[in-house]
Amino acid sequence: MAKHLLEVKGLKKYFKVGRNQILHAVDDVSFNIEQGKTLGLVGESGCGKTTVGRTIIRLYDADGGQVLFNGRDVHQLNRKEYKEFTRSMQMIFQDPYASLDPRKTVGAIVGEGLKIHKLCETRQEYTERIYELLETVGLSREHASRFPHEFSGGQRQRVGIARALAVNPKFIVCDEAISALDVSIQAQVINLLVELQEKLKLTYLFIAHDLNMVRHISDDTAVMYLGKVVEKAETSELFETPKHPYTIGLLAAAPEADPDFEQSRAKTLMSGEVASPINPEPICRFAGRCPYARPKCKQNEPELMDVGNNHYVACYKVQEGW
Amino acid sequence: MSNMSVKLPADAFRPVKQTSETSELITRPSLTFWADARRRLMKNKVAMLGLIIIFIITLMAIVVPVFSQYSYEQQNLSNTNAPPSTEHIFGTDSHGRDLWVRVWYGARVSLAVGVFGSIIPSLIGIIIGGISGYFGGKVDMIIMRFIDIVMCVPNMIYIILITLFIGTGPVALIIAFAITGWMGTARSVRGMVLQLKEQEFVLASRTLGASSLSLIFEHLVPNTLGIVVVSMTLGVPAAIFQEAFLSFIGLGIKPPIPSWGQLANTGISVFRIYPSQLLIPAALISMTMLSFNLFGDGLRDALDPKLRM
């Protein structure tokens, strides 16, 4: 029995966008998540974070690599096994306004998983379970008969969490679960997620672009750039001693809460534009924007390597100590 | 502004007795989607007026020909073109046939063609559009190109050709409408399904392990239904009008079977002398179309959950 609940090995997902044009949304991504831990996945818009999440849960078919959940490849499961698998892995979606069917009551939305997997014997058991779930996420049982449009964003996101919890999953993919919410509501939802993790022994893949939130919730953090993981380490290690030039730039770009400090601190912002993910060349994808780039960076592609302390970096500068 | 001070003495206020339990209580009764839509529709006076007029016209169409002493084809050549009277409420036509019976018998034909001529093509459109949108890819390409090509030619030409092949009459007209009318619905349903199937709530349902069938019928179809039902309702007057037009130019319902369009066609030849023979069927066509349009409008508002008050 592997000690990792989820192992992602060399995952690839390409999209065809035109004749001979292939968008490498996810290109050779690997990571592991231990039972009960949280992996934060950060990166800017369009770097493939959401695609990673959706491919892991098999909303997309992988174009290469493996997703091992409890040691079994998710993408090799047959129909029956897949249905069984959906009980153990669930997803919380980004947009609380699009992720709930506007025609259904909150009760029906939360109960959908119960019905699909026939988890309740009687009608009464079904209703009781829905009430219980709503109360678990901080809503009240009266809400069960309401429609989604009667709720605020934060409440809707709680409904989305209750829906995911209905089937008693072990693993939840939080796909930018908080980025559409107000800051004050973000904190509430994050705290709820942390609380649920402790209570139900959940494992999270936490996809976000808000670095502070990731730092708060994650045990390990991986940074993605253009479909690749460029750096991966324990959260405190990564935030305190970032090594990849992109991570350093990303952390420097995050605003600080203190306005005086924000004014005075040195900002080493990145210049240039993100390269195109369509038919990328096999070179370091950050090379075009990297202030330290040498010819080698534009000829070969660096591998993700352990530079000590379980800190993985895909950068020649760090690996070779320029 | 500064001299407009408002005095709010403390004793003008009294505390509202609220506990944490009662403050979260929602007092509005919970309703299912359709019950709620019905409630909102009932509140819409204009739509209800339309519905009542449709109801009265339908009732008259059913009852009048049954209880009248005349039949729609019974001629009385000694009493032609009679003005409205107690004997003949709408008068008689140039063959001495009672127009009251003919108008309400014609209502049966017109309403039947209108209702079925709208519902049947819409159902075909939902099925084809749903398949096209859900499966996408090659299936979608073939169906959509087919529709593009077929839609290049005006409907009327198809209808004329079809009536040439299968003859005239109400059934032939409904078949002709079914063959020519589904494309618009198919396109809009396909568009909606394409959009909906990438929505996060559909993805959420997939991650919960829902099958394709339940995805289509639990999430995709119900979310297109509102718009389809409305377009169906608004399609009824269009079909009635098309029937009237076809009968008017002599391609639809053939005499002696009356329909409103056909009655108007007969009426126009004597319009200068006996205007009521044209005005009565024309007024009924207009009134029915208006009622269906008003009702359809109200239905659209009622079925949109975001407009819920």
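Let's start with A:Val307 and what it touches: leaving out residues up to four places away in sequence, A:Val307 touches A:Lys243, A:Val313, A:Val318 and A:Gln319. When I say touching or contact, I mean that the C-beta atoms of two residues, placed from the backbone, lie within 7 Å. A:Val307 sits in the loop between strand 11 (305-306) and strand 12 (312-313) of chain A. Helices and strands here are DSSP runs, H or I of at least four residues for helices and E of at least two for strands, numbered from the N terminus.

A quick word on what you're looking at. This is a predicted model, so local features need pLDDT of at least 70 and side-chain atom pairs count only at pLDDT 80 or more, while totals for chains, interfaces and linings use all residues. Residues are numbered from 1 along each chain as its sequence is written, and chains are lettered from A and ligands numbered from 1 in the order in which they are written.

Now have a look at A:Gly18, which belongs to strand 1 (residues 4-18) of chain A. A:Gly18 has 8 C-beta neighbours inside 10 Å, so it counts as exposed.

Most residues other than glycine have a negative phi. A:Asp28, though, has a positive phi, near 60 degrees, and it isn't a glycine. You'll find A:Asp28 in strand 2 (residues 21-34) of chain A, and it is partly exposed, since 17 other C-beta atoms lie within 10 Å. The other one is A:Leu226, also not a glycine, with a positive phi of about 50 degrees. A:Leu226 is in the loop between strand 9 (220-225) and strand 10 (228-234) of chain A. With 22 C-beta neighbours inside 10 Å, A:Leu226 counts as buried.

On to helix pairs. Staying in chain A, helix 5 (residues 153-165) and helix 6 (residues 183-200) have axes that come within 10 Å and cross at roughly 20 degrees. That makes helix 5 of chain A roughly parallel to helix 6 of chain A. The axes are lines fitted to C-alpha atoms, for helices over the stretch in contact, and the angles run from 0 to 180 degrees between N-to-C directions. Under 35 degrees counts as roughly parallel, over 145 as roughly antiparallel, 65 to 115 as roughly perpendicular, and the rest as oblique. Which residues meet here? From helix 5 of chain A there are A:Gly153, A:Gly154, A:Gln157 and A:Ile161, and they meet A:Ile185, A:Gln188, A:Val189 and A:Leu192 in helix 6 of chain A. By class, that's four nonpolar, four polar and no charged residues. Nonpolar covers Ala, Val, Leu, Ile, Met, Phe, Trp, Tyr, Cys and Pro; charged covers Asp, Glu, Lys and Arg; the others, Gly among them, are polar.

Over in chain B, helix 10 (residues 260-269) and helix 11 (residues 276-303) have axes that come within 7 Å and cross at roughly 155 degrees. So helix 10 of chain B is roughly antiparallel to helix 11 of chain B. Their contact includes B:Trp260 and B:Leu263 from helix 10 of chain B, and B:Pro281 and B:Ile285 from helix 11 of chain B. It has nine nonpolar, three polar and no charged residues.

Zooming out, chain B has 11 helices and zero strands. Its radius of gyration, taken over C-alpha atoms, is 27 Å, well over the 19 Å that the globule rule gives for 309 residues, so chain B is more spread out than a compact globule. That rule is 2.2 Å times the number of residues to the power 0.38. Of the 309 residues of chain B, 38% count as buried.

Last stop, where the chains meet: 21 residues of chain B are in contact with 26 residues of chain A. On the chain B side, helix 8 gives the most, with seven residues.

Conventions. Buried ≥ 20, exposed ≤ 12 C-beta atoms within 10 Å, placed from the backbone.
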